[in-house]
Amino acid sequence: MQTPNQAHYKILVVDDDPDILELLQYNLVREGYDVAQAENGKKAIEVAHTFKPNVILMDVMMPVLDGIAACRQLREEQDFRHTHIIFLTARSEEFSEVAAFDAGADDFITKPIKPRALLSRLAAYARRDAQQEEQEQVTEIGGLRIDRTSFAVYKGEEKITLPKKEFELLAFLAATPNKVFTREELLNNVWGSDVYVIARTVDVHIRKVREKIGEDQIRTIKGVGYKFNTD
């Protein structure tokens, strides 16, 4: 059954297999989502500019432009820094997952796709986005101002732009300064327990956050995890 969160939720499906496109479009439209299609990464970027999706479901291995290259290009644009990008692939090697998350992916789903599980995951994204839209919270800590309403981070007068998952990771750590969180706790709280990602994903995102805000705010506790440091 369609929920209010799904009524105007836009999903772009990208795959070079027409059968997969048809299967996903059928199931997504039936759930009430707005759906657009593209058959390769280059076309996906073109469609994304006009369709403005909330979520992009994208195959990794495609002709013309593969999914990882397309993801990198999209993440370079301000309009798509907060778009959820979920990779669909038959490949399950860990290096593919690391490459996908390093490019800016939010999630990773292996084929064959199970429509019911996919729809459950998408509904979780829609609910989470709706909840975040209702939040009004500004945190000032460690020389940073973290504004949840605009997904903006300021260091002094400098505005630092972070993709959605990097922002959520920073905001979560900063909400409880000096508390050490394991990788598993960060995965569950930032990505959600219903989303499959590997622990290495946290390390990749922490590295990217540090590159943008500086090395001092987030400290590694060897053998345990990470904390937002105010000492």
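Analyst: A salt bridge here is a side-chain nitrogen of Lys or Arg within 4 Å of a carboxyl oxygen of Asp or Glu. The model you see is predicted, so local features need pLDDT of at least 70 and side-chain atom pairs count only at pLDDT 80 or more, while totals for chains, interfaces and linings use all residues. Residues are numbered from 1 along each chain as its sequence is written, and side-chain values use heavy atoms, with hydrogens and water left out.

User: What area is buried between domain 1 and domain 2?

Analyst: In contact (heavy atoms within 4.5 Å) are 23 residues of domain 1 and 23 residues of domain 2. Buried area means the accessible area (1.4 Å probe) that two parts lose on being put together, summed over both. Carbon and sulfur atoms give 51% of it, and the total is about 2000 Å².

User: Which elements give two or more residues to the side of domain 1 that touches domain 2?

Analyst: Helices (H or I, at least four residues) and strands (E, at least two) are DSSP runs numbered from the N terminus, and the protein chain has eight helices and 12 strands. Across the interface of domain 1 and domain 2, two salt bridges are found. The elements giving two or more residues to the domain 1 side are α4 (94-103), β5 (107-110) and α5 (115-134).

User: Where is the partner of Lys 111 in its salt bridge, Asp 59?

Analyst: The side chains of Lys 111 and Asp 59 meet at 3.3 Å, N to O. This pair links distant parts of the chain, 52 residues apart: Lys 111 is in the loop between β5 and α5, and Asp 59 is in strand β3 (residues 55-59).

User: Is the peptide bond from Lys 111 to Pro 112 cis or trans?

Analyst: Pro 112 sits in the loop between β5 and α5. For the bond from Lys 111 to Pro 112, omega is near 0°, and the bond is cis.

User: What is the phi of Lys 52?

Analyst: You can find Lys 52 in the loop between α2 (41-51) and β3. Most residues other than glycine have a negative phi. Lys 52 is not glycine, yet its phi is positive, near 55°.
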